[in-house]
Amino acid sequence: MRYLVATLLACAALAGCASPRYVGSIGRDQVYSNRGFGVLARLTQGDLLSRWKPVDPADMAEIPPGLRPARVREQLDVNGDGLLDVSETVVFYRPTLRLLSRTSSVARMDLEVELLGQNNARIPLDAIVGIDLKRLAGTSTSARDAAFAHIQRRVLSGEIQARVAETETTEGGAHRVVRRLVADVPEFRTEEGQTRRHIVRLTLWDDALDDQDRADFDRVVEGLVLAPQGGPTGTGERW
């Protein structure tokens, strides 16, 4: 698996040099690759693409502005030392990757990566999940309690530990049902050779979730590969 990940990220480096390192793109094989975060998402699991349209960060011309991920340029704690330096200013998208439902104007799946500094390096994964659920559920104790009671443990390729939970939320001002994967990459090797910890979240948002929604969410999860290091750097990419 480590060899496969390294090969795919190397190919992405060759094919996507025009795309900033932390932006990523979707190739002709429908694999999303982000070399900076070391994230691969194989989007051809089952018939996923018949119901979901992935938004390619490198080509958003056909996506309405209100549905596009936001392109930002800001400092990220790339080396995980807990400090932000001007040399760590990078371009990326928030969320990192988005999938839009072809059958619903509301449903979407968002993939995001959060870099943790040294001050957060030892926070247990379950505590991070708990913080997420409390924020999403807000003042609804019933939603929060139900979510905590049904947290699922997952192990992704590469022995990456993850949790899946589901809750209701009014975050953003509208009622939504949320299904979220929280995956922990504890020792990611950066482009400068340091190690950092980052958290990968996949979140499904909809008015309501049915078995098909959950199955499609699982297909995206099955296609996720979270590498232990970023892809090779191109010219001018070393921060």
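What covers the buried residues of α2? I looked this up before anything else.

**Entry 1: ground rules**

I note that this is a predicted model, in which local features need pLDDT of at least 70 and side-chain atom pairs count only at pLDDT 80 or more, while totals for chains, interfaces and linings use all residues. Residues are numbered from 1 along each chain as its sequence is written, and side-chain values use heavy atoms, with hydrogens and water left out. I took helices (H or I, at least four residues) and strands (E, at least two) as DSSP runs numbered from the N terminus.

**Entry 2: helix α2**

The cover over the buried residues of α2 includes β8 (108-116), α3 (141-149), β10 (160-169), β11 (176-189) and β12 (195-206). I call a residue buried under 20% relative accessible area, exposed over 50% and partly exposed in between, with a 1.4 Å probe and protein chains only. In α2 the buried set is Leu125, Ile128, Val129, Gly130, Asp132, Leu133, Leu136 and Ala137. An α-helix has 3.6 residues a turn, so residues three or four places apart point the same way.

I then checked the length. Helix α2 covers residues 125-137, and its 13 residues should span 18 Å at 1.5 Å a residue; the expected span is 1.5 Å times one less than the number of residues. The end C-alpha atoms of α2 are 18 Å apart, which agrees. After α2 comes glycine 138, with a positive phi near 60 degrees.

**Entry 3: the seven-stranded sheet**

I counted two strands as paired if DSSP finds at least two bridges between them. What is the order of the strands in the open sheet of seven? I read β4-β7-β8-β12-β11-β10-β9, with antiparallel pairing. At the edges are β4 (52-55) and β9 (152-156), each pairing on one side only. Direction ignored, neighbouring strands of this sheet are turned by 25 degrees against each other on average.

Helix α2 packs on the sheet and touches β8, β9, β10, β11 and β12; I use contact for heavy atoms within 4.5 Å. The direction of α2 makes about 15 degrees with that of β10. Axes here are lines fitted to C-alpha atoms, for helices over the stretch in contact, and angles run from 0 to 180 degrees between N-to-C directions.

**Entry 4: strand β12 and its partners**

Strand β12 is largely enclosed by the rest of the structure, because eleven of its twelve residues are buried. I found nine bridges joining β12 to β8, antiparallel, with glutamate 112 partnered by arginine 201 in β12. Eleven bridges pair β11 with β12, also in the antiparallel sense, and arginine 180 has threonine 203 of β12 as its bridge partner. The hairpin of β11 and β12 has five residues between the strands, and glycine 193 there takes a positive phi near 90 degrees.

Strand β7 (residues 97-101) is joined to β8 by four antiparallel bridges. Arginine 98 faces aspartate 110 in β8.

**Entry 5: valine 178**

Is valine 178 buried or exposed? Valine 178, in strand β11, is buried, with a relative accessible area of 1%. Beyond its neighbours within four places in sequence, its contacts include Leu136, Ala165, Thr203 and Trp205. Glutamate 168 is ten residues from valine 178 in sequence, with the two C-alpha atoms 5.9 Å apart.

Strands β2 and β3 pair antiparallel over four bridges, with tyrosine 32 opposite alanine 41 in β3. Their hairpin has four residues between the strands, and glycine 38 takes a positive phi near 65 degrees. Three antiparallel bridges join β3 to β13 (residues 224-226), where leucine 226 stands opposite valine 39.

I paired rings of Phe, Tyr and Trp (its six-membered ring) with centres within 6.5 Å, calling planes under 30 degrees apart stacked, over 60 edge-to-face and the rest tilted. The count is one aromatic pair. Tyrosine 22 and phenylalanine 37 have ring centres 5.0 Å apart and planes at 80 degrees, so the pair is edge-to-face. Both tyrosine 22 and phenylalanine 37 are buried.

**Entry 6: aspartate 216**

Aspartate 216 sits in helix α4 (residues 211-222) and is buried, at 1% relative accessible area. Not counting residues up to four places away in sequence, aspartate 216 touches Leu48, Arg51, Trp52 and Met109.
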